[in-house]
Amino acid sequence: MDTRHLEYFIAVAEEGSFTRAAHRLQTVQSAVSAGVRTLEREVHATLFVRSTRRVELSDAGRALLPEARAAIESVDRVFDVVAATESGLRGRLRLGVFANSDVVDAPTFAGRFHELYPGVALSVVASPTGSTGLADDVRAGRLDVAITGLPLADLKGLRTHEILVDEFVAVVPETHELARRDVLPLDELVAEPFVDGPPGFGHRVVLERVLAARGLRRTVVVESPDMGLVSRFVAAGLGVAVVPTFVLHPARGAVTRPLNTPLGFSLQSVTRPRTTRPVEAALALLHRLTADAPA
């Protein structure tokens with residue numbers, strides 16, 4: 001069985017499209033289609049139910065998908081073991097990071113990793129989809145390592161390592177009456193319009209669950225995937241924000257205040273449970289570089 005056919009199958013299953021799978025794999029659609037047809041002949045089953053709008057897994061395809069992923073991971077480990085007997089590290093590493101973060105300095109990490117392990121094919125994806133999308137990409141095998149801020153309950157089945165422990169603070173316009181107070185309660189802040197990251201961002205997931213547990217509701221009027229702009233939107237008078245301190249960029253006209261009830265936040269690296277040597281090397285370097293990073 002050609003492992004490329006398994007890779008084609010996995011890509012189509014994850015993308016729900018032969019066209020998107022071909023784009024992701026940087027090949028032509030006809031090659032992906034032919035590879036999947038060959039795999040179907042080899043396993044004596046139809047793996048996809050095709051329609052004019054979408055390609056979906058058949059029952060046989062759903063049964064095969066986890067085994068196909070495990071097979072590809074096993075092949076990666078085969079090459080990893082061989083590489084261990086040669087000089088230098090070989091393989092690939094796909095890292096997912098936030099689009100805007102001072103904690104994880106992606107350029108510094110990438111440069112240092114390439115310097116240490118030039119034989120590893122490195123790709124870095126700065127994801128606009130936030131922690132939820134990054135964790136999903138690791139589960140699906142599209143990424144090897146990612147940085148997320150999701151609650152640990154949302155990361156079941158993944159291997160995690162804590163990078164940062166932080167706290168939420170309130171950000172309000174300096175001319176707002178709330179700015180005259182030393183600490184601010186959530187139940188008063190939710191009466192104001194909010195500036196926040198899009199749904200799926202880890203800190204937003206954490207905050208909204210806390211609000212729901214307390215029976216509180218808010219209105220988000222500005223959603224910015226660039227968290228560095230949050231304070232500027234607040235300073236412009238568009239709303240207030242409640243975010244972890246590590247994403248804050250000071251802006252003239254906005255002030256921060258602690259919450260009357262501390263609300264914690266943590267940042268983790270995540271991988272699948274079974275990893276390769278390049279992934280382990282990346283984790284070691286990542287945590288060395290973030291150990292002294294500013295919160």
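Author: Happy to. The crossing of α1 and α2 is right-handed, and keep in mind that this is a predicted model.

Reader: Which residues of α1 and α2 meet?

Author: From α1 you have E7, Y8, I10, A11, V12, E14 and E15, and from α2 there are F18, R20, A21, R24 and L25. Sorted by class, the contact of α1 with α2 has seven nonpolar, no polar and five charged residues.

Reader: And what makes α1 roughly perpendicular to α3?

Author: Helix α3 is residues 29-43, and its axis comes within 8 Å of that of α1, crossing at roughly 110°. The perpendicular range is 65 to 115 degrees, so α1 is roughly perpendicular to α3. On the α1 side of this contact sit H5, L6, Y8, F9 and V12, and they meet A31, V32, G35, V36, T38, L39 and E42 in α3. By class, the contact of α1 with α3 has eight nonpolar, three polar and one charged residues.

Reader: On to the rings. How many aromatic pairs are there?

Author: The count comes to six aromatic pairs. One of them, F109 with F113, has its ring centres 5.7 Å apart and 25° between the planes. Pairing needs centres within 6.5 Å, and stacking needs planes under 30 degrees apart, so this pair is called stacked. Both F109 and F113 lie in helix α5 (residues 106-116), four residues apart, about one turn of the helix. F109 and F113 are both buried.

Reader: Why is the pair of F168 and F265 called edge-to-face?

Author: The ring centres of F168 and F265 are 5.9 Å apart, and their planes are at 90°. The edge-to-face label applies over 60 degrees, so the pair gets it. It links distant parts of the chain, with F168 in strand β6 (residues 159-173) and F265 in strand β11 (residues 264-271), 97 residues apart.

Reader: How do you know that F168 and F265 are buried?

Author: Buried means under 20% relative accessible area. F168 has 2%, so it is buried. F265 comes in at 5%, so F265 counts as buried too.

Reader: What makes V172 buried?

Author: V172 also lies in strand β6. Its relative accessible area is 0%, so V172 is under the 20% cut-off. Leaving out residues up to four places away in sequence, V172 touches L178, A179, L184, L189, V234, V240, G253, A254 and V255.

Reader: How do you know that T148 is buried?

Author: By the 20% cut-off again: T148 has 0% relative accessibility, so it counts as buried. T148 is found in strand β5 (residues 145-148). Apart from neighbours within four places in sequence, its contacts are F98, S131, L134, A135, L155, S266, L267, Q268 and V270.

Methods: Residues are numbered from 1 along each chain as its sequence is written. This is a predicted model: local features need pLDDT of at least 70, side-chain atom pairs count only at pLDDT 80 or more; totals for chains, interfaces and linings use all residues. Side-chain values use heavy atoms; hydrogens and water are left out. A crossing is left-handed if the near helix is turned anticlockwise from the far one by less than a right angle, and right-handed if clockwise. Helices (H or I, at least four residues) and strands (E, at least two) are DSSP runs, numbered from the N terminus. Contact means heavy atoms within 4.5 Å. Ala, Val, Leu, Ile, Met, Phe, Trp, Tyr, Cys and Pro count as nonpolar, Asp, Glu, Lys and Arg as charged, and the others, Gly among them, as polar. Buried means under 20% relative accessible area, exposed over 50%, partly exposed in between (1.4 Å probe, protein chains only). Axes are lines fitted to C-alpha atoms, for helices over the stretch in contact, and angles run from 0 to 180 degrees between N-to-C directions. Angles under 35 degrees count as roughly parallel, over 145 as roughly antiparallel, 65 to 115 as roughly perpendicular and the rest as oblique.
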